[in-house]
Amino acid sequence: MAFQRFDRESSYNWAEIKMIGSHPLRQFLGVNGERISISGIFYPHYRGKLSHMSDLRAMGAAGIPYRLIAADSDRAQNLGRWIFKSVKDGRTIFTSDGRPLKVDFTIELESYVQDL
């Protein structure tokens with residue numbers, strides 16, 4: 001299933017130490033987990049199947065991390081292991097028997113770090 005948008009967010013953890021009569025000091029505590037949001041649209045009557053959404057939900061319900069490989073025009077890149085946080089889809093433009101002709105989807109992932 002192809003996607004139209006890939007967003008990656010990195011965040012960092014800083015503690016604030018309040019000071020009397022001065023600006024607060026900041027202390028770096030480390031890197032927070034990363035998040036990825038993948039979204040797109042597919043047309044089941046043309047390309048893709050509605051069962052793809054069920055497959056993604058089953059992967060999330062399995063409760064295990066998956067390796068994410070991103071491909072660009074030059075090479076594939078191993079982005080490490082990720083867990084599913086949510087799978088969302090919206091269905092529009094229905095046939096007379098109720099089948100959707102357009103499905104938009106969003107998959108939210110978070111980075112997985114193995115316990116030490």
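Q: Which residue in β7 stands opposite aspartate 89?
A: Strands of a sheet pair through backbone hydrogen bonds, either parallel or antiparallel. Here aspartate 89 stands opposite phenylalanine 105 in β7. Helices (H or I, at least four residues) and strands (E, at least two) are DSSP runs, numbered from the N terminus; two strands pair if DSSP finds at least two bridges between them. The model is predicted, so local features need pLDDT of at least 70 and side-chain atom pairs count only at pLDDT 80 or more, while totals for chains, interfaces and linings use all residues. Residues are numbered from 1 along each chain as its sequence is written, and side-chain values use heavy atoms, with hydrogens and water left out.

Q: How many bridges join β6 and β7, and how many residues lie between the two strands?
A: The antiparallel pairing of β6 with β7 runs over 11 bridges. The two strands make a hairpin with 5 residues between them. Glycine 98, in the turn, has a positive phi of about 95°.

Q: Which residue other than glycine has a positive phi?
A: Most residues other than glycine have a negative phi, and most peptide bonds are trans. Isoleucine 93 has a positive phi, near 55°. This residue belongs to strand β6. Isoleucine 93 counts as exposed because its relative accessibility is 52% (exposed means over 50% relative accessible area, buried under 20%, partly exposed in between, with a 1.4 Å probe and protein chains only).

Q: What is the strand order of the open sheet?
A: The order is β1-β4-β7-β6-β5, an open sheet of 5 strands with antiparallel pairing. At the edges are β1 (5–9) and β5 (66–71), each pairing on one side only. From one strand to the next the twist averages 35° (axes are lines fitted to C-alpha atoms, for helices over the stretch in contact, and angles run from 0 to 180 degrees between N-to-C directions).

Q: Which residues stand opposite each other in the other pairings?
A: Take the pairings in sheet order. β1 and β4 are antiparallel over 5 bridges, and arginine 8 has isoleucine 36 in β4 as its bridge partner. β4 and β7 are antiparallel over 8 bridges. Arginine 35 stands opposite glutamate 110 in β7, and isoleucine 41 has aspartate 104 in β7 as its bridge partner. β5 pairs with strand β6 (residues 76–94) over 5 bridges, again in the antiparallel sense, and arginine 67 faces arginine 81 in β6.

Q: Where does helix α1 lie?
A: Helix α1 (residues 51–61) lies across β4, β5, β6 and β7 (100–111), at about 135° to β6. The loop between β4 and α1 holds arginine 47, which is exposed with a relative accessible area of 61%.

Q: What lines the largest pocket?
A: A pocket is found on a 1 Å grid over the protein atoms alone: it is an open set of points with protein on both sides within 12 Å along at least five of seven lines, whereas a cavity is a set of points where a 1.4 Å probe fits but cannot get out; lining residues have an atom within 4 Å of a point. The largest pocket has 21 lining residues, of which Ile38, Leu56, Leu68, Ile107 and Leu109 lie nearest its centre. Two or more lining residues come from each of β1, α1, β5, β6 and β7, and β5 gives the largest share, 6 residues. The volume is about 430 Å³ (grid points are joined across faces, edges and corners, and the volume is the space filled by probe spheres set on the points).

Note on methods:
Contact means heavy atoms within 4.5 Å.
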